[in-house]
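Biologist: I'm new to this one, so please show me the model and then let me ask you about it piece by piece.

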Amino acid sequence: MTNIDVLVVGGGPGGSAAAYWLGRAGRAVMLVEKKEFPREKTCGDGLTPRSIHQLVEMGFDFDVPELHRIRGLRAYSGELMIELDWPEHPIYPNWGAIIRRADLDLQVANLAEKQGVIVRAHTTAAPILERGRIDGVELVSDGEIEIVHPKIVVVADGSLSRFGRALGTIRDKRRPYALGARAYFSSPMSTDGYMESQLDLRDESGASIPGYGWVFPLGDGSVNVGVGALSTFHRWKQMNTNGLMTAMIRGAPEQWGISEETRLSPNRGGKLPMSLSVSPKVGPNWVLVGDAAGAVNPFNGEGIDYAYETGRMAAAHVGAALDADDLTLLGRYKDELDATYELYFRVSRMFVRLIGRPGAMRLLTHTGLRNRTVMEWTLRIMANLMRPEDKGVGERVYDVIEKIVRVGPNP
Ligand SMILES: Cc1cc2nc3c(=O)[nH]c(=O)nc-3n(C[C@H](O)[C@H](O)[C@H](O)COP(=O)(O)OP(=O)(O)OC[C@H]3O[C@@H](n4cnc5c(N)ncnc54)[C@H](O)[C@@H]3O)c2cc1C
């Protein structure tokens with residue numbers, strides 16, 4: 001029988017970060033992942049400066065050959081194009097990266113293991129409940145069953161979150177979410193230094209979609225090509241990500257050399273639960289992190305950084321609750337989530353409702369892409385890279401929007 005204080009369910013960014021920080025604090029932790037590492041995860045594989053910052057803090061080795069550094073974003077809409085470097089920021093670095101999730105998640109799980117975490121891949125966890133509390137967790141691997149009795153469980157099982165649903169968590173259906181799909185292609189532009197976004201995303205009928213298409217270079221001869229569409233689209237019921245991928249591939253800039261002939265993998269899709277839309281985030285002896293909590297940023301579909309951040313935050317509160325032998329202290333994790341993200345996500349929900357209106361996305365991108373200053377501060381707002389001190393126009397505009405949203409309806 002394995003004696004552990006904390007069980008972490010899921011070996012993606014949220015679970016591995018929580019396990020890493022708990023292990024580093026000297027806790028007895030087990031991380032279980034149902035797939036074998038390295039495991040594939042449907043994703044754009046894009047790391048923005050917020051993710052890089054968390055990886056730096058965990059001692060990630062950025063010199064691995066699988067990682068391709070990125071200096072900024074190139075955005076297209078129709079004939080318009082703009083290149084923006086990542087901004088200077090007092091905390092976050094001015095660079096990003098692209099790395100396949102199979103490689104990234106394996107390496108972060110290894111970092112957790114080096115902190116003393118017991119990592120068990122190929123192991124599926126299911127809760128055993130006793131009056132709403134997790135009494136034990138059943139771990140199944142190749143038909144072998146082990147029951148463990150952790151004091152606290154960190155639920156990091158991703159967007160479908162079956163473990164979380166068994167605890168009674170639900171996604172607020174009124175809040176927006178997104179669907180995305182991606183595939184790999186070989187491309188002569190694989191060593192490009194920019195992430196590309198196609199902001200004028202259209203379905204096969206030519207309707208403008210709230211969301212964007214991307215081409216992210218991996219540096220190894222291949223690129224990750226994908227689409228993400230928001231549920232605020234006025235014709236959401238007819239939306240089909242495979243159709244969007246077909247339109248995206250057809251419309252990709254010629255220099256990328258993307259076509260059915262250069263395709264390396266089939267389309268794979270996934271759901272992006274956004275703006276902390278899953279509740280409750282804390283139970284009697286468990287907490288939710290990452291996609292299981294719905295932590296994706298609605299502005300741009302990033303979830304890796306928010307999974308690292310919420311995993312780290314949860315680890316601190318789990319540690320405090322264990323030290324005080326008082327599990328009610330887990331409630332402070334929810335307070336910190338609210339204090340850190342609630343207003344920002346409220347603003348972002350307002351934005352994604354706005355761009356769901358017919359023609360709005362096209363109008364905004366066509367106006368914005370003509371003005372470099374506007375695009376620079378838009379990038380800082382959307383990637384959540386605003387500077388708390390030293391406020392520029394972008395931060396000041398955002399402050400005004402936030403003040404309006406604070407007293408307005410909660411979209
Ligand atoms: C198409 C698409 C493109 C995206 N592109 C980007 C991007 O470029 N940049 C970005 O920042 N974000 C992107 N995201 C979002 C990002 O992928 C997620 O937000 C991120 O993976 C969340 O991490 P997580 O650890 O919460 O969940 P996951 O990464 O999903 O990890 C959950 C893990 O839990 C395991 N698991 C599930 N159930 C169990 C169980 N019962 N027992 C044991 N293990 C279990 C799963 O196998 C999985 O490995 C994209 C998402 C999609 C769908």
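This is a predicted model: local features need pLDDT of at least 70, side-chain atom pairs count only at pLDDT 80 or more; totals for chains, interfaces and linings use all residues.

Biologist: By class, how many nonpolar, polar and charged residues does the shell around the ligand have?

Modeller: Residues are numbered from 1 along each chain as its sequence is written. Ala, Val, Leu, Ile, Met, Phe, Trp, Tyr, Cys and Pro count as nonpolar, Asp, Glu, Lys and Arg as charged, and the others, Gly among them, as polar. On that basis the shell has 13 nonpolar, 16 polar and 12 charged residues.

Biologist: Which elements give two or more residues to that shell?

Modeller: There are 41 residues around the ligand, and Gly12, Gly44, Gly158, Gly290 and Gly303 come nearest (a residue is near if its C-beta atom, placed from the backbone, lies within 6 Å). Elements are DSSP runs numbered from the N terminus: helices are H or I with at least four residues, strands are E with at least two. Those giving two or more residues are α1 (13-24), β9 (124-130), α4 (162-166), β14 (177-186), β18 (268-273) and α6 (304-324).

Biologist: How do the residues of the contact of α1 with α6 divide by class?

Modeller: The axes of these helices, which are lines fitted to C-alpha atoms over the stretch in contact, with angles from 0 to 180 degrees between N-to-C directions, come within 7 Å and cross at roughly 35°. The crossing is right-handed, meaning that the near helix is turned clockwise from the far one by less than a right angle. Residues in contact have C-beta atoms, placed from the backbone, within 7 Å; here they include Trp21 and Leu22 of α1, and Tyr308 and Val318 of α6. By class they divide into 11 nonpolar, 5 polar and 1 charged.

Biologist: What does the twist average from one strand to the next in the open sheet of 7 strands?

Modeller: The order of that sheet is β6-β5-β15-β16-β17-β14-β18, with mixed pairing (strands pair if DSSP finds at least two bridges between them). β6 (80-85) and β18 are at the edges with a single partner strand each, so one side of each has no neighbour in the sheet. From one strand to the next, the twist averages 20°.

Biologist: Which residue in the turn of the β5 and β6 hairpin has a positive phi?

Modeller: β5 (residues 72-77) and β6 pair in the antiparallel sense over 6 bridges, and Gly72 is opposite Asp85 in β6. The hairpin has 2 residues between its strands, and the one in the turn with a positive phi, about 60°, is Gly78.

Biologist: In the sheet of 3 strands, what stands opposite Arg69 in β7?

Modeller: This open sheet has the order β3-β7-β4, with antiparallel pairing. β3 (46-47) and β4 (68-70) are the edges, each with a single partner strand, so one side of each lacks a neighbour in the sheet. β4 pairs with β7 (residues 96-98) over 3 bridges, and opposite Arg69 stands Ala97.

Biologist: Which residues of β2 point the other way from Val29 and Leu31?

Modeller: β1 (residues 6-9) runs parallel to β2, joined by 4 bridges, and Val8 has Leu31 as its bridge partner. In a regular strand the side chains alternate between the two faces of the sheet. All four residues here are buried (20 or more other C-beta atoms within 10 Å; exposed is 12 or fewer, partly exposed in between, with C-beta atoms placed from the backbone). Pointing the other way are Met30 and Val32.

Biologist: Which residues does Lys35 touch, not counting those up to four places away in sequence?

Modeller: Lys35 lies in the loop between β2 (29-32) and β3. Lys35 counts as partly exposed because there are 15 C-beta neighbours inside 10 Å. The residues touched are Ala121 and His122.

Biologist: Is Arg131 buried or exposed?

Modeller: Arg131 sits in the loop between β9 and β10 (133-141), with a positive phi of about 45° although it is not a glycine. Because Arg131 has 6 other C-beta atoms within 10 Å, it is exposed.

Terms used: Two residues are in contact if their C-beta atoms, placed from the backbone, lie within 7 Å.
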